[in-house]
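Me: I am new to this structure and would like to learn how to read it. Could you take me through it feature by feature?

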Amino acid sequence: MRRVILAVFALWAFSGAAAAQNYPSHPITIIVPFSAGGPSDAMARILAERMKVALGEAVLIENVTGAAGSIGVGRAVRSAPDGYTISFGHLGTHVANGAIYKLGYDLVTDLEPVVLLPSNTMIVVSKNAVPAKSLGELLAWLKARSAPAAAGTAGAGSGSHVAGIAFEAATGIKLQYVPYRGTGPAMNDLVAGQIDMIVDQLSNSINQVRAGTIRGYAVTDTKRAESAADIPTADEAGLPGFHMTLWSGLWAPKGTPRDVITKLNAAAVEALNDPAVRKQLENLGLQMPPRDRLSPQALGDWQKAEIAKWWPMIKAANVKVD
């Protein structure tokens, strides 16, 4: 019996190694846990188009929405650990959601980090009907209201929601959150004047700010964004210390062979180093990660550090979900 068991294990190990060596042999799917047309979807599609060159197979995007991205991440967690289903996510989906939802999976132990992706500074924006012309005037307008302003989010735990919580903590101003299935739909309602404001990803808002359909007040980085150099930082606009960037990453299901992780990482790094891809991402207001932080280990360490930073603030906000 012992020989049979050992033979089975040897066969399993050999089969796994052979599968990894031949990987990929058919299309790969990246699950984006938000609706099409939003900033996460845009970044994933740009990367997928270039990654297929390195991998030699099509890289497809599947949008799986709901519960601030936790449904899409759960789909990836439960997928076969063979490298053909990848989880795209960010600070909201792979950090904040663990402090809000009963997920049924562990964001650290049930996923294998692949690579850290570009980050997005946030920007405070409002509908044009808001009378404020500066961040200081916006804060005064918010404080003078008899009821909290309606702030759009991509759901409890999303990047826009976490940024809103950080905004509340920095200003002492309470907001009334309006959840959507992504910041793309939230932006549509902001332009239409159905909600008052969003603390949004710069890449999602900058074109509307440039077009004059919404107002932009300040970015949440320590320096001005190259793609929006005319918009001050929160420090410059009178709200010192309000800093937040929404970083993104790729993960694979737990148990994915290390050789497969290495191939996926190499394909993503090659894409990020492609000048044409970098130009596309930078035009969206995205900031490239340092080259020394592109390993799977670097993403894993960063995710754990962000959990330690954000979970106490999110739990203190006592976020309620249905």
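Reply: Gladly, and let's begin with a term for how open a residue is: buried means under 20% relative accessible area, exposed over 50%, and partly exposed in between, using a 1.4 Å probe and protein chains only. R224, at 36% relative accessibility, counts as partly exposed. Keep in mind that this is a predicted model, in which local features need pLDDT of at least 70 and side-chain atom pairs count only at pLDDT 80 or more, while totals for chains, interfaces and linings use all residues. Residues are numbered from 1 along each chain as its sequence is written, and side-chain values use heavy atoms, with hydrogens and water left out.

Me: How many salt bridges are there, and what counts as one?

Reply: A salt bridge is a side-chain nitrogen of Lys or Arg within 4 Å of a carboxyl oxygen of Asp or Glu. By that rule the count is ten. Take R50 and D274, whose closest N and O atoms are 2.6 Å apart. R50 lies in helix α2 (residues 39-55) and D274 in the loop between α9 (258-273) and α10 (275-283), so the pair ties together parts that are 224 residues apart in sequence. Helices (H or I, at least four residues) and strands (E, at least two) are DSSP runs, numbered from the N terminus.

Me: Are R50 and D274 buried or exposed?

Reply: Both are buried. Another salt bridge joins D196 to K127, with 3.1 Å between the closest N and O atoms. This pair links distant parts of the chain, 69 residues apart: D196 is in the loop between α7 (183-191) and β7 (197-201), and K127 is in strand β4 (residues 111-127). D196 and K127 are both buried. The partly exposed R224 has a salt bridge too, with E236, at 2.9 Å from N to O. Salt bridges that share partners also join R50, E270 and D274 into one network.

Me: Which residues have the most contacts inside the largest nonpolar core?

Reply: In soluble globular proteins, nonpolar side chains tend to be buried together. A nonpolar core here is a set of buried Ala, Val, Leu, Ile, Met, Phe, Trp, Tyr and Cys residues joined through side-chain atoms within 4.5 Å. The largest has 46 residues, and V124 and F167 have the most contacts inside it. Helix α4 (residues 91-100) gives the largest share of this core, five residues. A second, separate core has 34 residues, including A252, I261, L272 and M288.

Me: How many cavities are there of 30 Å³ or more?

Reply: Rolling a probe the size of a water molecule over the atoms shows where empty space is left. On a 1 Å grid over the protein atoms alone, a cavity is a set of points where a 1.4 Å probe fits but cannot get out, and lining residues have an atom within 4 Å of a point. Grid points are joined across faces, edges and corners, and a volume is the space filled by probe spheres set on the points. There are two cavities of 30 Å³ or more. The largest holds about 80 Å³; among its 13 lining residues, F34, P39, S40, T183 and Q201 are the closest to its centre. Helix α2 supplies the largest share of that lining, three residues.

Me: What is the volume of the second largest cavity, and which residues line it?

Reply: Its volume is about 40 Å³, and the lining is made of I28, I30, M51, L55, V59, I86, V114, L250 and L264.

Key
On a 1 Å grid over the protein atoms alone, a cavity is a set of points where a 1.4 Å probe fits but cannot get out, and a pocket is an open set with protein on both sides within 12 Å along at least five of seven lines; lining residues have an atom within 4 Å of a point.
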